[in-house]
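Please read the sequence and look over the fold before going on to the notes below.

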Amino acid sequence: MTVDNQITGEIQQGFLIYVGVEKNDTQEDVNYMVEKIIHLRIFEDQDGKMNRSLMDEAGEILCISQFTLLGDCRKGRRPSFSEAKPPGEADALYRQFVEMCRDKGIHTQTGVFQAHMAVESVNDGPVTMLVDSKKQF
């Protein structure tokens with residue numbers, strides 16, 4: 001990932017995580033998300049089954065703040081971001097998420113909050129998961 005043509009974060013094997021912080025999110029949501037994500041069994045075991053976690057694989061995280069995940073496109077032609085937490089508060093929870101991942105021993109790289117970032121990824125599988133602390137889907 002680059003910002004202003006400078007590499008700000010890169011990993012080898014692990015998760016590219018886009019984090020959207022909703023206006024009602026709290027530290028409890030951060031705790032839930034960290035535990036869910038680092039123990040989510042989506043890496044293949046020796047039998048080719050999704051049975052190993054990021055912790056099992058000593059995987060890494062590239063974490064990007066992404067308020068546009070909260071964009072509601074159901075009405076009109078322009079997304080509404082009214083459910084997104086204000087930037088200062090969102091940044092605080094985003095940083096707590098990153099620090100908790102690091103505290104769990106996960107090598108975690110980040111982007112730059114509110115910066116224009118160029119993100120490159122190789123999506124193996126491809127496997128993409130949606131995880132929501134409110135369990136809305």
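Asp4 is exposed, because its relative accessible area is 69%, where exposed stands for over 50%, buried for under 20% and partly exposed for values in between (1.4 Å probe, protein chains only). This is a predicted model, in which local features need pLDDT of at least 70 and side-chain atom pairs count only at pLDDT 80 or more, while totals for chains, interfaces and linings use all residues. Residues are numbered from 1 along each chain as its sequence is written, and side-chain values use heavy atoms, with hydrogens and water left out.

- Asp4 sits in the loop between strand E1 (2-3) and strand E2 (6-7); here helices (H or I, at least four residues) and strands (E, at least two) are DSSP runs that are numbered from the N terminus.
- Most residues other than glycine have a negative phi, and most peptide bonds are trans.
- Although Asp4 is not a glycine, its phi is positive, at about 50 degrees.
- Gln114, another residue other than glycine, has a positive phi near 65 degrees; Gln114 is placed in the segment after E7, and it counts as exposed because its relative accessibility is 63%.
- The peptide bond that joins Gly125 and Pro126 is cis, with omega at about -10 degrees, and Pro126 is also found in the segment after E7.

**Aromatic pairs**

- The structure holds three aromatic pairs, a pair being rings of Phe, Tyr or Trp (its six-membered ring) whose centres lie within 6.5 Å, and planes under 30 degrees apart count as stacked, over 60 as edge-to-face and the rest as tilted.
- One of these pairs is formed by Phe15 and Phe43, which is stacked because the ring centres are 5.4 Å apart and the planes lie at 5 degrees.
- Phe15 belongs to strand E3 (residues 14-19) and Phe43 to strand E4 (residues 43-44), so this pair ties together parts that are 28 residues apart in sequence.
- Phe15 is buried, with a relative accessible area of 11%, and Phe43 is buried as well, with a value of 13%.
- Tyr94 and Phe113 form a tilted aromatic pair, with 6.2 Å from centre to centre and 40 degrees between the planes.

**Residues of the helices**

- Val30 lies in helix H1 (residues 27-39) and is buried, because its relative accessible area is 7%.
- Leaving aside neighbours within four places in sequence, Val30 is in contact (heavy atoms within 4.5 Å) with Leu93, Gln96, Phe97 and Met100.
- Although Val30 and Tyr94 are 64 residues apart in sequence, they are 8.2 Å apart in space, C-alpha to C-alpha.
- Ala92 is found in helix H3 and counts as partly exposed, because its relative accessibility is 37%.
- Ala92 and Asp4 are 88 residues apart in sequence, and their C-alpha atoms are 23 Å apart in space.

**Thr108 and its surroundings**

- Thr108 has its place in strand E7, and it counts as buried because its relative accessibility is 3%.
- The side chain of Thr108 reaches the backbone oxygen of Ile106 at 2.9 Å.
- Not counting residues up to four places away in sequence, Thr108 touches Ile61, Cys63, Val98, Cys101 and Arg102.

**The second largest pocket**

- Rolling a probe the size of a water molecule over the atoms shows where empty space is left.
- On a 1 Å grid over the protein atoms alone, a pocket is an open set of points where a 1.4 Å probe fits, with protein on both sides within 12 Å along at least five of seven lines, and lining residues have an atom within 4 Å of a point.
- The second largest pocket holds about 330 Å³ of space, a volume being the space filled by probe spheres set on the points, which are joined across faces, edges and corners.
- Its lining has 21 residues, of which Ser65, Gln66, Phe67, Thr68 and Gln114 lie nearest the centre of the pocket.
- E3, strand E6 (60-65) and H3 each supply at least two residues of this lining, and H3 gives the most, with three residues.

Terms used. Polar contact = N/O pair within 3.5 Å; in protein donor to acceptor, adjacent residues only side chain to side chain.
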